Amino acid sequence: MELIWDGIREAFRLIFTGDAEVYEITLLSLTVSGAATAIALVIGLSIASVLAFRAPPGRTLALSFLNSGMALPPVVVGLVVAVMLWRTGPLGQLHLLYTPAAIVAAQAVIATPVVTALSVVALQTLHPKLRLQVLALGASRWQAAWLLFREARLPLIAAAMAGFGAAISEVGASIMVGGNIKGSTRTLTTATVLEVSRGNLESAMALAFILLALVYAVMLVLTITQQRRRAS
Amino acid sequence: MTLPKLGVRSVLVERGGRPILAVEELDVQAGEVLAVVGPNGAGKSTLIHVLALLERPSGGEVLFDGRPLRGSLLPYRRRMAVVFQEPLLLDATVESNVGSGLVLRGVPRDERERRVRHWLKRFGIEDLSGRSARTLSGGEAQRASLARALVLEPEVLLLDEPFAALDEPTRRALIDDLDRVLGETDTAAVFVTHDRSEALRLGDRVAVIIGGRIRQVGPPTQVFSAPADEEVAAFLGVETIVPGYVRSIEGGLAVIDVSGRRVEAAAAAEVDGEVLVCLRPEDVVVSPAEDHPGPTSARNRLPAVVRRVVNIGPLARVDLDAGFPLVALITKQSLEELSLDAGSRVAASFKATAVHLIARHSRLHEPSA
């Protein structure tokens, strides 16, 4: 019990004394997972639009793969991305291994099936003829996509939250492709794992609380956006 | 003659390899309302989708201003507006829904607000402008949908059964409003419906579509009084369709043998030709059998036996046997006065001008080549 209180106290101390390293780690976690979620959204919404509106043959099969992808083990993703980025691997020329970009890539791979699968369902809740009506109103393809995404914003923002949740909470892939390098690729999750392995449970608890606070802050912003009644 | 605003040529739409729409030629002129009437599943909505450039036909082409479409379809779509059976409003206020097409076209805010206000008022929903579209009744939502289309001042307005889901009083009020609005603009309108009375009410011309094909096009009175074939006649509410044989032409009237009874028709016919004799139920008058025919213009008066009487609202439908099956519509009052019942003997009269003849394509009589 005392450990928890010490952890919380340490967390507040780190936050309010402006510990540079903790701020750096937190900021990296936020930007890396944010970027991964953004990539997942772009890819996911594109695929979801095709699957939901065009109803191509093999849609159910594709959806079953995407749904399985929601349970993709981060360790497996980390391994595959690491192999791809390995010096002698197919993308080795990019020299991305052990950089934040590698973590973004791995987390995007983890978040994309989540965002895609949930976006397909979100778009399928729209009236099947709404897309035709929007086009008939004189919308270009992009305008139509924007109007339809806006119409499905509640479940789509939920999809984004789930994607961000999957990205920021994983640790296996980040360690494998990022290497947990201090000042470069250390994120809140990888730092926590490190502190635990060193036996610094108090610091680990502090990092864990900061991670939870960060997740809550992001989800709060998204939830407010989601639930705000249409103003115009 | 001016070029048609919108038209199709040899359009073919297939689903699963089966043709569901095959239209050789159909045009609508500026300022004209073309009512396309047909039963459910006749291909009406598909026709609207093709005209609205929302579905590419597998064959044929769409003409705008008499010319084939060139380049991107978006500029063409922006000169049209479509109203579907479901209002399909966005999750926003009525005002922003009605203005949505103008926003997509980049119309400046001042002008947008002015035009939106005008059309909200025009359809009597200005009080609802700030309301969420989700809270509207069916009639209010369809008004908003019509305003959203007409605020665009489209050159072509396509209406896909816009009143089908509305209750009767709402429907009637909305048809009146639309009729007035269309009368004031130069918009070419295609109005698709399964309801014959709506087609008669709104159409400057009527096209009958059955089984994916346009069977007949013409002024409403002509289409309704002279259906081109048996299926068109049956769909348009001609209840009596019986085969006959043209005996002679006497004094401009065709004398036809229908199951041994003599029927005179003021319609073009060839002697010795086989025809289908068509009669609308409202044109058949039922009177007591022993009654002496007073001064009446009805050329045809046949003894008949009542087979069945069916009440349909303020009217009654009387199935008669006049040597051939004959259907009459009479008022509740006449039903009581005549005290009609199955088995009653009556006289059925109708004017020679009420009879419409469809020439039978009897290949047996054609000389072989």
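In which sense do strand β15 and β19 of chain B pair, and over how many bridges? Keep that in mind while you get your bearings.

This is a predicted model, in which local features need pLDDT of at least 70, side-chain atom pairs count only at pLDDT 80 or more, and totals for chains, interfaces and linings use all residues. Residues are numbered from 1 along each chain as its sequence is written, while chains are lettered from A and ligands numbered from 1 in the order in which they are written.

**Stop 1: strands of chain B**

Select residues 285–288 of chain B, which form β15, and then β19(B): the two pair in the antiparallel sense over four bridges. Strands here are DSSP runs of E with at least two residues, helices are runs of H or I with at least four, and both are numbered from the N terminus. Two strands pair if DSSP finds at least two bridges between them. Click on B:V286 to find its bridge partner in β19(B), B:A348.

**Stop 2: loops of chain B**

Step to B:S344, in the loop between α10 (332–338) and β19 (345–350). B:S344 counts as partly exposed because it has 18 C-beta neighbours inside 10 Å. By this count, 20 or more other C-beta atoms within 10 Å make a residue buried, 12 or fewer make it exposed, and anything in between is partly exposed, with C-beta atoms placed from the backbone.

Most residues other than glycine have a negative phi. Select B:L53, in the loop between α1 (44–51) and β4 (59–64), and you will find a positive phi near 60°. B:L53 is buried, with 20 other C-beta atoms within 10 Å.

Next comes B:L88, in the loop between β6 (80–83) and α3 of chain B. Its phi is also positive, about 45°, and B:L88 counts as buried with 23 C-beta neighbours inside 10 Å.

**Stop 3: where the chains meet**

Show both chains: the contact takes 17 residues from chain B and 16 residues from chain A. Residues are in contact if their C-beta atoms, placed from the backbone, lie within 7 Å. On the side of chain B that touches chain A, α3(B) gives the most, with four residues.

**Stop 4: a helix of chain A**

Finish with α2 of chain A, residues 20–54, whose end C-alpha atoms are 50 Å apart.

Terms used:
Contact = placed C-beta atoms within 7 Å. Expected span 1.5 Å × (residues − 1).
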